[in-house]
Amino acid sequence: MSLTLLAAAAAAVAATVGYMASRREREAPGGNGGERARDAPAPPEDAPWHELPLALGDVVLAGSEERWLSGAIVARERGEIVAAVFLAPEGGVHGAVVAFPAPRREILWLAPAAADSPDEPPATLEIAGATMRRRARLPAALERCGQGAPPVGDAGIIALYDGAGRDAAVVLASEGRIHAWAGRRIEDGGYERLGGGGEG
């Protein structure tokens, strides 16, 4: 066999071995799974987003409406997340999307609303022209993240309200300020998370 044929055969064997090794690495559990998996670090364990169906920086689509979640107020009770009010710029106002930790997957799709509420959110509230009944009152530690979140103190009360059909509202009371949003509840499958996330 000539030296040329030997060199060609050696090159072919080397290429085959390299290809097989690369393929094994991609397919092995814990392998790189492609460059994207290796380059995309997992969110840190102390980031709140891994407990929620949405994350800061996500774009969320509900019907024909789209919102970019640029800011958030995270509410915790005894260290556990109970809700996150995400804020999304829409012209001169900030719409809100409220998410809850697993196993809950529904979200609240809300807009800013005026609410005549005392420091203690009442059991029944008229907001956005509808009468709402409070279904949860949560004293919570509050954390502002990202951009566009309204000023709040380190603690407050977040109250969740239900109305007729899918009507929903949230009132946040902190340091003598009341922030309120009203809109609708959207069940899992009624919205789409388009990506982003992991910021903050």
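In the hairpin formed by E10 and E11, where 2 residues lie between the strands, glutamate 175 adopts a positive phi near 50°. The model is a predicted one, in which local features need pLDDT of at least 70 and side-chain atom pairs count only at pLDDT 80 or more, while totals for chains, interfaces and linings use all residues. Residues are numbered from 1 along each chain as its sequence is written, and side-chain values use heavy atoms, with hydrogens and water left out. Strands (E, at least two residues) are DSSP runs numbered from the N terminus, and two strands pair if DSSP finds at least two bridges between them.

**Pairing around E11**

- Strand E10 (residues 167–174) pairs with E11 in the antiparallel sense over 8 bridges, and within this pairing leucine 172 has histidine 179 of E11 as its bridge partner.
- E11 (residues 177–186) is also joined to E6 by 6 bridges, the two strands running antiparallel, and here glycine 183 in E11 is the bridge partner of leucine 110.

**Valine 152**

- Valine 152 is located in the loop between strand E8 (130–146) and strand E9 (155–162), and it counts as buried at 15% relative accessibility, where buried means under 20% relative accessible area with a 1.4 Å probe and protein chains only.
- Leaving aside neighbours within four places in sequence, valine 152 has contacts (heavy atoms within 4.5 Å) that include Leu172, Glu175 and His179.
- The C-alpha atoms of valine 152 and arginine 177 are 7.7 Å apart in space, with the two residues 25 apart in sequence.

**Glutamate 106**

- Glutamate 106 sits in the loop between strand E5 (93–99) and strand E6 (107–112), and it is buried, with a relative accessible area of 14%.
- Its side chain makes a polar contact of 2.7 Å with the side chain of arginine 104, a polar contact being a pair of N or O atoms within 3.5 Å of which, within protein, one must be able to donate a hydrogen and the other to accept it, and residues adjacent in sequence count only if both atoms are side-chain atoms.
- Beyond the neighbours within four places in sequence, glutamate 106 is in contact with residues including Arg185, Ile186, Glu187 and Asp188.

- Strand E1 (residues 59–62) pairs with E2 over 4 bridges in the antiparallel sense, and valine 60 stands opposite arginine 67 in E2.

Notes: Buried means under 20% relative accessible area, exposed over 50%, partly exposed in between (1.4 Å probe, protein chains only).
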